[in-house]
Amino acid sequence: MIWIIPLTAFMLAFFFIDVLRIPERIKILKRIPFTCNFCLAFWSALLLWAVPELYVKILFTAFLAFVS
């Protein structure tokens with residue numbers, strides 16, 4: 001159960017940076033937290049600690065469905 005937040009943050013960062021390539025499309029996001037997988041995963045994990053557990057589980061399920 002404790003691994004859900006870090007895994008969700010990692011999948012979110014991977015999807016945001018490598019799959020959708022959002023920082024390449026939007027010039028204002030070409031900064032370090034949005035172009036580095038590790039940095040974005042860290043900051044999104046901190047953000048996910050603050051949101052309710054239900055939202056984290058929904059995001060985890062959605063990103064896991066994307067991977068498989």
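This is a predicted model: local features need pLDDT of at least 70, side-chain atom pairs count only at pLDDT 80 or more; totals for chains, interfaces and linings use all residues.
1. Residues are numbered from 1 along each chain as its sequence is written, and side-chain values use heavy atoms, with hydrogens and water left out.

2. Helices (H or I, at least four residues) and strands (E, at least two) are DSSP runs, numbered from the N terminus.

3. As for dimensions, the radius of gyration of the protein chain is 12 Å, which agrees with the value near 11 Å that a compact globule of 68 residues would have; the radius is taken over C-alpha atoms, and the globule rule is 2.2 Å times the number of residues to the power 0.38. Taken along the principal axes, the C-alpha atoms fill a box of roughly 35 × 25 × 15 Å. Of the contacts in the protein chain with a separation of 6 or more, 55% are accounted for by residues 24 or more positions apart, a contact being heavy atoms within 4.5 Å.

4. Of the 68 residues, 26% count as buried, where buried means under 20% relative accessible area, exposed over 50%, and partly exposed in between (1.4 Å probe, protein chains only). The largest nonpolar core is made up of nine residues, namely Ile-4, Ile-5, Ala-9, Met-11, Ala-45, Leu-48, Val-56, Phe-60 and Phe-63. Helices α1 (4-19), α4 (37-50) and α5 each supply at least two residues of this core, and α1 gives the most to it, with four residues. Such a core is a set of buried Ala, Val, Leu, Ile, Met, Phe, Trp, Tyr and Cys residues joined through side-chain atoms within 4.5 Å.

5. A search of the whole structure finds two salt bridges, each a side-chain nitrogen of Lys or Arg within 4 Å of a carboxyl oxygen of Asp or Glu. Arg-21 pairs with Glu-24, with the closest N and O atoms 3.2 Å apart; Arg-21 is partly exposed, with a relative accessible area of 42%, and Glu-24 is partly exposed at 46%. Glu-53 pairs with Lys-57, with the closest N and O atoms 3.3 Å apart, and both lie in helix α5 (residues 53-67), four residues apart, about one turn of the helix. Glu-53 is partly exposed at 46% relative accessibility, and Lys-57 is partly exposed at 35%.

6. Arg-31 lies in the loop between α2 (22-25) and α3 (32-35) and counts as exposed at 53% relative accessibility. The side chain of Arg-31 reaches the backbone oxygen of Ile-28 at 3.1 Å. The C-alpha atoms of Arg-31 and Ala-45, 14 residues apart along the chain, are separated by 18 Å.

Note on methods. A polar contact is a pair of N or O atoms within 3.5 Å; within protein, one must be able to donate a hydrogen and the other to accept it, and residues adjacent in sequence count only if both atoms are side-chain atoms.
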